[in-house]
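Have the structure open as you read.

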Amino acid sequence: TNTVPTRVIAKTRRGGRGLGTVLCRHCGQTAETLGHISGYCPKTKKSRIRRHNLVVSEVQKIAVRGRFEVIREPRMFGDNGHAYIPDLILLKGEKGYIVDPTIVWERGDSLRKAAAVKKTKYKHLVGAVRDLQDQVEEVEILPLVIGARGVWPAKINNPLVDLLGIPRKTAKKWALLILCQTQKMVSEFMD
């Protein structure tokens with residue numbers, strides 16, 4: 001990843017000399033790093049949404065094949081009065097699941113933190129999901145976290161993988177898909 005000539009990398013290679021700024025060439029808001037390009041820059045927003053929606057659609061297809069009732073992007077109100085739009089609600093028998101994939105730059109424990117953020121964010125929707133159908137008694141929040149460089153944190157994703165019976169080969173395919181989409185995004189950014 002240090003081969004991509006972001007402004008931060010270019011300045012680092014020059015020992016901090018030359019190249020007046022490390023700020024993003026498109027938004028000028030923060031340091032131009034691969035993490036910024038793949039996760040935050042307004043220039044890549046459409047590509048990020050497209051990359052994210054690819055994963056959501058793949059999960060939805062597998063859930064439908066598994067005979068789950070799938071509700072995509074419902075607007076729901078939590079027990080705190082705030083509105084939320086989780087990517088997927090899966091319902092089957094007495095169980096409901098809130099599934100919200102996220103793609104984050106792999107740095108330190110960013111993948112674990114992203115999963116924790118999803119669980120905290122959607123804990124307010126447990127009652128609303130339970131109210132969708134009379135028979136739903138238990139609701140679980142299942143984050144799906146994939147690193148922008150294709151890292152698949154099995155420990156975080158295994159509950160969803162096990163629930164839907166996602167084959168290991170499919171998980172690898174998704175991780176590779178994300179990596180390819182991130183590469184495409186960076187290339188578009190640099191053009």
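## Where we start

In which loop does Arg-67 lie? Arg-67 sits in the loop between H3 and strand S1 (69-72). Before going further, some housekeeping: this is a predicted model, where local features need pLDDT of at least 70, side-chain atom pairs count only at pLDDT 80 or more, and totals for chains, interfaces and linings use all residues. Residues are numbered from 1 along each chain as its sequence is written, and side-chain values use heavy atoms, with hydrogens and water left out.

Helices (H or I, at least four residues) and strands (E, at least two) are DSSP runs, numbered from the N terminus.

## Two positive phi values

Arg-67 follows H3 and has a positive phi, near 65°, even though Arg-67 is a residue other than glycine. Its relative accessible area is 72%, so Arg-67 is exposed (buried means under 20% relative accessible area, exposed over 50%, partly exposed in between, with a 1.4 Å probe and protein chains only).

Glu-73 is not a glycine either, yet has a positive phi of about 50°. You'll find Glu-73 in the loop between S1 and strand S2 (76-77). With 40% relative accessibility, Glu-73 counts as partly exposed.

## Helix H3

H3 covers residues 45-65, which makes 21 residues. From first C-alpha to last, H3 reaches 30 Å, close to the 30 Å expected at 1.5 Å a residue (the expected span is 1.5 Å times one less than the number of residues). The buried residues of H3 include Arg-48, Arg-51, His-52 and Glu-58, along with Val-55, Val-59 and Ile-62.

## H3 against H7

The axes of H3 and helix H7 (residues 168-190) come within 9 Å and cross at roughly 165°. Axes here are lines fitted to C-alpha atoms, for helices over the stretch in contact, and angles run from 0 to 180 degrees between N-to-C directions. The two helices are therefore roughly antiparallel (angles over 145 degrees).

On the H3 side, the contact (heavy atoms within 4.5 Å) includes Arg-48, Arg-51, Val-55 and Ile-62. Among the H7 partners are Lys-173, Trp-174, Ile-178 and Met-185.

## Thr-6

Thr-6 is buried, at 2% relative accessible area. Not counting residues up to four places away in sequence, Thr-6 touches Arg-25, Glu-32, Thr-33, Leu-34, Ile-37 and Met-190.

Terms used: Angles under 35 degrees count as roughly parallel, over 145 as roughly antiparallel, 65 to 115 as roughly perpendicular and the rest as oblique.
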